[in-house]
Amino acid sequence: MTTPSEPGGGRLDPGLAAITSERRQLINLAYRLLGSLADAEDAVQEAYARWCAMSRQQQDAIASPGAWLTTVVGRLCLNVLSSARARRETYVGEWIPEPLPEPREWITGRLDDITADPADRITLDESVNMAFLVVLESMTPAERVAFVLHDVFRYPFAEVAEIVGRTPEACRKLASSARRRIHAARAPATPAARQARIVRDFKQAWEAMDIHALIALLDPDAMVIADGGGVVGAVLRPVEGVEQIMRSLLNLDGRLRDLTFLERTVNGRPGLIAQQDGVTVSVYAFDIAGDRIKHIWAVRNPDKLRPWTLGPRH
């Protein structure tokens, strides 16, 4: 996003310095609330715009600019979530949260190219893995905001209540309900090294079209969900079960042969990207339980691949 301008001499106004230091925290919060980096950047930019629209006297009257910005961003995200359901009813195909690369891989997919603004980077922990974000998508807007603010960012319920517009006790119940959803969907953790090995084996079997090896890597009830956002040829509905997944892969074999598959970190976990002529055209996130792949999320929507090709907006 674009930060407030600096006065003459290149020195940042002390009042602005107090709020620009909050930027990374706000981006991290908004991404977890919305599942979209673009929407998160818009929410944070709007919060900054509202701050800058106030008089200096009004700004000085705010004891904690960071808390004020968090409240504004939280409310903006709540509004976006409330309207998102209606928008997604007209979305072409399945909607998947926007996948994010490991910061060193942010722009070109090269480990030696570190050019993204650190303030725009999302901290990749368990609260942004794709399986977690997908469960957040199943929550009501109020549940999601209350849970993320309290359980992920450790805001007390009194402050959460001011953002959500409900009582602290109501927010406590919302977070508890959301927590039950998370626990019900959470599979036993598979060590990262084993996840990486399974993804690598899947990549090699996929490239070789080794059907027997692919079947051995997939849970019998595995599901593939693709988000093409209207891209021609994109799968519009989830593909469930090994047999259906194999049939789908065989149907796509001709298109896949022109692609180069690379191992990358996707939302903090081992994943894959597909490139055509050096441009990332698909990102694949995996949910692994034990030694089997339970979910594959494939994102082809070009609007959601910006962090893999262009880097953050400024």
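Biologist: Which residue lies over the face of Trp95, and at what distance from the ring centre?

Modeller: A charge sits over a ring if NZ of Lys or CZ of Arg is within 6 Å of the ring centre and within 35 degrees of the ring normal. Here, Lys304 lies over the face of Trp95, at 3.8 Å from the ring centre. This is a predicted model, in which local features need pLDDT of at least 70 and side-chain atom pairs pLDDT 80 or more, while totals for chains, interfaces and linings use all residues. Residues are numbered from 1 along each chain as its sequence is written, and side-chain values use heavy atoms, leaving out hydrogens and water.

Biologist: Which residues of helix H9 are buried, and which are exposed on the other side?

Modeller: Buried means under 20% relative accessible area, exposed over 50%, and partly exposed in between (1.4 Å probe, protein chains only). Helices (H or I, at least four residues) and strands (E, at least two) are DSSP runs, numbered from the N terminus. In H9, Cys171, Leu174, Ala175, Ser177, Ala178 and Ile182 are buried. They cover an arc of only 160° around the axis (taken from the directions from the helix axis to the C-beta atoms), which puts them on the same side of H9. On the other side of H9, Lys173, Arg180 and Ala184 are exposed.

Biologist: How many aromatic pairs does the structure hold?

Modeller: Rings of Phe, Tyr and Trp (its six-membered ring) pair if their centres lie within 6.5 Å; planes under 30 degrees apart are stacked, over 60 edge-to-face, the rest tilted. The structure holds 7 aromatic pairs. Among them, Phe202 and Trp206 are edge-to-face, 5.3 Å centre to centre with 70° between the planes. Both residues, Phe202 and Trp206, are buried.
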